[in-house]
Amino acid sequence: MGDPGAGHAAPAPLQEIASRISDLSKWREIFSSCGLEINSTTHQQGPSSAGPGPPGAGESPGSQPPSTVPRPLLLPRGTGGCPISPDTAMRLQRLLFGSTAPLFSCEWAAARFRFHPPRSHLAYALQAGQGGTRAILAAVQAHIITFLLFTRETECTHLERLCRLGHREQGQALATALAETLWAAGGGGRAVVCLVTAPVTTTPCEGCRADSFTERIRLFEFSEKAAAQEFISDHINCFKGEGSHGVILFLYSLLFSRTLERVQEDLGDAAPLLNISSGNITCTEAVLSLLLTGRASPRQLGGGGGGGGEAACPRGRVGFLRWERARRQRQVSQGTERDPPGTARAQVSAGQPHGQWDPQAPDKCPPGQVSPGLRTPRLPVWLCSLSGRHSVLFGTDSRLLSDWKAERIFHLYFYSGQQEQTQTARLTIDTHSHHWEEAQREGPCSPGRRRPALEMAIRTKWPGATISWNGTDPFF
């Protein structure tokens with residue numbers, strides 16, 4: 001005689017199996033909505049999973065899809081916004097890369113707007129990391145500093161305005177900086193914010209590769225800057241949270257705020273917005289121009305199109321300084337040191353810094369030099385391009401560029417974005433001291449007169465100035 005309950009014991013394991021299959025199906029839906037796939041290789045590890053050769057072997061530069069997925073940062077269904085069409089996704093890809101084949105690298109996918117710890121020496125500063133996203137992070141950093149120093153209402157003074165920040169103040173500063181930049185790109189009349197949704201909103205066109213990210217973008221358009229800023233503030237984790245693709249989302253927002261048509265007009269026959277070289281994706285000066293002036297034209301920065309003599313860019317809230325040692329060395333090697341004494345080119349060879357403009361034509365910019373309007377912004381904050389590395393230089397006195405008496409001896413502060421920097425560097429600038437012009441036979445690029453690129457960039461604004469690092473090791 002068997003157990004009376006034996007006849008009912010068999011269904012229990014079947015119910016458990018069915019329950020687990022149901023759970024697995026739910027997880028599969030979740031992974032699918034996030035752009036992930038579950039397959040037989042998901043759990044493989046070690047060299048055998050990638051086949052022979054190093055990881056990524058056989059792939060074209062920039063061909064790897066984003067590696068991180070914005071898990072907690074997906075917008076719920078019904079939030080609103082407009083999906084992008086397959087044709088728009090293809091045009092966006094071509095503007096960025098020149099073709100529809102490349103995708104953002106893992107480095108770009110991981111980039112986000114991440115601050116240093118609150119209430120620290122660098123509480124105001126974004127962690128820039130390495131690679132091509134530094135240009136965008138540094139430009140946004142400049143706008144953050146402008147807001148914290150000269151706009152935000154607080155009882156703190158000078159550098160205290162930058163250090164005494166909590167999480168909330170950091171988010172507010174970032175939202176303001178992003179909104180200001182998008183609003184300028186929209187011509188002062190619109191801003192578009194791109195966020196990611198869970199379901200795929202568009203199917204790629206034939207010949208355009210899917211990246212499981214762009215297809216899930218939704219566009220939110222605003223006709224008032226305050227509304228755009230509030231929306232960004234409400235969704236700030238979509239730009240600064242881990243796995244958010246924050247930098248890519250902001251770049252997309254910037255392009256859609258300007259409109260893809262106007263960006264194409266700004267570029268003309270110029271190269272795409274991003275460069276791909278040896279697997280590295282970097283920003284062109286057209287992207288920097290869009291971040292600083294609202295137009296994606298390198299000519300806005302001065303010297304971008306070979307002519308270099310176009311009308312000067314209007315003075316904005318954030319300026320731009322550039323120094324490229326290789327470019328300066330090419331000028332020297334081309335014979336500028338043999339020019340007759342007293343000429344402008346001879347003065348450059350004698351030690352007068354590259355970057356001084358002709359007082360007889362202040363609205364003209366010599367080839368390769370930054371336009372005067374960006375060297376002299378309305379407020380003392382500059383994005384710096386130093387031999388291809390981007391950083392921020394700023395002062396705390398709003399009168400510095402409007403009162404000539406304030407330019408005698410003053411302080412500037414420098415944030416490089418490098419991980420090694422733990423405090424803001426303080427520099428003292430003396431514009432009436434001319435020991436730089438000693439030993440005129442020796443050019444500024446010769447080994448005996450080698451100077452940090454930052455000092456050379458500063459002298460494109462204040463020729464002949466002496467610069468003290470006040471005990472800090474210079475940033476070369």
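**The sheet and a cavity**

A: Ile429 has Ile467 as its bridge partner in E11. Before going further, note that this is a predicted model, in which local features need pLDDT of at least 70 and side-chain atom pairs count only at pLDDT 80 or more, while totals for chains, interfaces and linings use all residues. Residues are numbered from 1 along each chain as its sequence is written, and side-chain values use heavy atoms, with hydrogens and water left out.

Strands here are DSSP runs of E with at least two residues, and helices are runs of H or I with at least four, both numbered from the N terminus; two strands pair if DSSP finds at least two bridges between them. Strand E10, residues 425–430, is mostly covered, with five of its six residues buried (buried means under 20% relative accessible area, exposed over 50%, and partly exposed in between, with a 1.4 Å probe and protein chains only). E10 is also joined to strand E9 (residues 409–415), by six bridges, and these two strands run antiparallel. Within that contact, Tyr413 finds its bridge partner in E10 at Arg426.

Elsewhere in the order, strand E7 (residues 381–386) pairs with E8 in the antiparallel sense, over six bridges. One of the residues involved is Trp382, whose bridge partner in E8 is Leu393. Ser387 sits in the loop between E7 and E8, and although Ser387 is not a glycine, its phi is positive, at about 50°. Ser387 counts as partly exposed because its relative accessibility is 45%.

The structure holds three cavities of 30 Å³ or more, where a cavity is a set of points on a 1 Å grid over the protein atoms alone at which a 1.4 Å probe fits but cannot get out, and lining residues have an atom within 4 Å of a point. The second largest cavity has about 60 Å³ of space, a volume being the space filled by probe spheres set on the points, which are joined across faces, edges and corners. Helix H5 (134–150) and strand E8 (389–394) are the elements that give two or more residues to its lining, and H5 supplies the largest share, four residues. Among the lining residues are Arg134, Leu137, His390, Ser391, Val392 and Tyr415. By class, the lining of the second largest cavity has six nonpolar, five polar and one charged residues (Ala, Val, Leu, Ile, Met, Phe, Trp, Tyr, Cys and Pro count as nonpolar, Asp, Glu, Lys and Arg as charged, and the others, Gly among them, as polar).

Note on methods. 1 Å grid on protein atoms, 1.4 Å probe; cavity = no way out; pocket = protein on both sides within 12 Å on 5 of 7 lines; lining within 4 Å.
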